[in-house]
Amino acid sequence: TSGPKDISVYVGIPFCLSRCLYCSFPSVVLPPERGLKRFMAVFHKDLAAVREAIRRYSFKVQNIYVGGGTPTSLPDDAFAEMLETVHEAFYHPAIKEFTVEAGRPDSMSAAKIRTIQKCHAGRVSVNPQTMQQRTLQRIGRCHTPEDILQMYGDLRSAGIPCINMDVIIGLPGETEEDVSDTMARVLALNPDDVTLHSLALKKGSRLKLHLDEIALPEDGEVRRMFDAAMRAVQRQGLIPYYLYRQGYQSGQLENIGCCRPGAESMYNIQIMEERQTILGIGGAAVSKIVSPLTHRLKASFNPKEITVYLDQCDHYIEKRASLLREAYGGQEETVPC
């Protein structure tokens, strides 16, 4: 449950170490040091504006979600700077959920795990997508299934209480047997939350641009794969708790999140239900402002193109502030003279 002044904060770090075949993000590869410093300077300005809005309207942060891109693609020092700043600005002992997307093992390090521990993030996403080595190479991932196992083990050894894992169904060249093997290897780790994604053919992705050259499973086969994956998840005792759909999904399917009882992601529920204000910071972040009186939602989108975000951040800060004034006007904190 949440009250009218409870909100979530989304932090978008729009970088990855490489671009996956199915990704449509326009600017993902980690920039050189000069570009990264510029991003961090703008990011701090954006974050400070959200922090001030929380003070002004007496909001209480219920959930923090650090996503991307892959936040852990940042160098160790930049990752520590980012997460410590987020922690200092928004964390409090009564917070419900603090999630960090770690994504790929080639982006993780012992130093980043220590930072996650230090900042009290209790939920980490590890996203193998598949445990088939040939598929990982085909989609542009620079890690092995064994690296996933190592990363997962390191996070558990560090005491991270809740780990999410994502799997994509319908990847190029895969069969139902491949999916069954992937699910067996993922579920053997005993993750707390598994989301099954049906491959989306995103406009602007290399997959979409070169579709004639890439063999994808037929829709009927994708549905059989998804059914097999869902049966495996449910045999593990994980229960479906949220669902969402993207355009152009293989098999005409949805994405379904399943978890052990009590491990539901509060942020995932809030972002799907659209009943709580979520303030977005960073590249491609979305702010969803819900009026406490009318329950009407209006959204402000930070640009996906990183150079536009850097050049016009003040404009997007003001756009978010305008929606907050419209929804919460007259509810600002009053300060005695």
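1. Is isoleucine 168 buried or exposed? Isoleucine 168 counts as buried, since its relative accessibility is 8%; the cut-offs are under 20% relative accessible area for buried, over 50% for exposed and partly exposed in between, with a 1.4 Å probe and protein chains only. The residue sits in strand E5 (residues 162–169), where helices (H or I, at least four residues) and strands (E, at least two) are DSSP runs numbered from the N terminus. Apart from neighbours within four places in sequence, isoleucine 168 touches Tyr22, Gln129, His197 and Leu199, contact meaning heavy atoms within 4.5 Å. Its C-alpha atom is 9.3 Å from that of asparagine 127, which is 41 residues away along the chain.

2. A word on the ground rules. This is a predicted model, in which local features need pLDDT of at least 70 and side-chain atom pairs count only at pLDDT 80 or more, while totals for chains, interfaces and linings use all residues. Residues are numbered from 1 along each chain as its sequence is written, and side-chain values use heavy atoms, with hydrogens and water left out.

3. On to helix packing. Helix H1 (residues 33–56) packs with helix H11 (residues 313–328) at about 15°, and the axes are 10 Å apart; axes are lines fitted to C-alpha atoms, for helices over the stretch in contact, and angles run from 0 to 180 degrees between N-to-C directions. H1 is therefore roughly parallel to H11 (under 35 degrees is roughly parallel, over 145 roughly antiparallel, 65 to 115 roughly perpendicular and the rest oblique). On the H1 side the contact involves Val42, Lys45, Asp46, Ala49, Val50 and Ala53, which meet Cys313, Asp314, Ile317, Arg320 and Leu324 of H11. Sorted by class, this contact of H1 with H11 has seven nonpolar, no polar and four charged residues, with Ala, Val, Leu, Ile, Met, Phe, Trp, Tyr, Cys and Pro taken as nonpolar, Asp, Glu, Lys and Arg as charged, and the others, Gly among them, as polar.

4. The axes of H2 and helix H3 (residues 110–118) come within 10 Å and cross at roughly 10°, so H2 and H3 are roughly parallel to each other. Asp76, Phe79, Ala80, Leu83 and Glu84 of H2 make the contact with Ala111, Lys112, Thr115, Ile116 and Lys118 of H3. By class, the contact of H2 with H3 has five nonpolar, one polar and four charged residues.

5. Now the cysteines. With a disulfide taken as a pair of cysteine sulfur atoms within 2.5 Å, the count is zero disulfides. Cysteine 23 is in none, and the nearest cysteine sulfur, in cysteine 16, is 6.4 Å away. Cysteine 142 is exposed, at 55% relative accessible area.

6. Most residues other than glycine have a negative phi, and most peptide bonds are trans. The bond from glycine 68 to glycine 69 is cis, with omega near 15°, and glycine 69 lies in the loop between strand E2 (60–68) and helix H2 (76–90). Glutamine 252, though not a glycine, has a positive phi of about 55°; this residue is in the loop between strand E7 (239–244) and strand E8 (255–259). Histidine 295 has a positive phi of about 65° and is partly exposed, with a relative accessible area of 42%.
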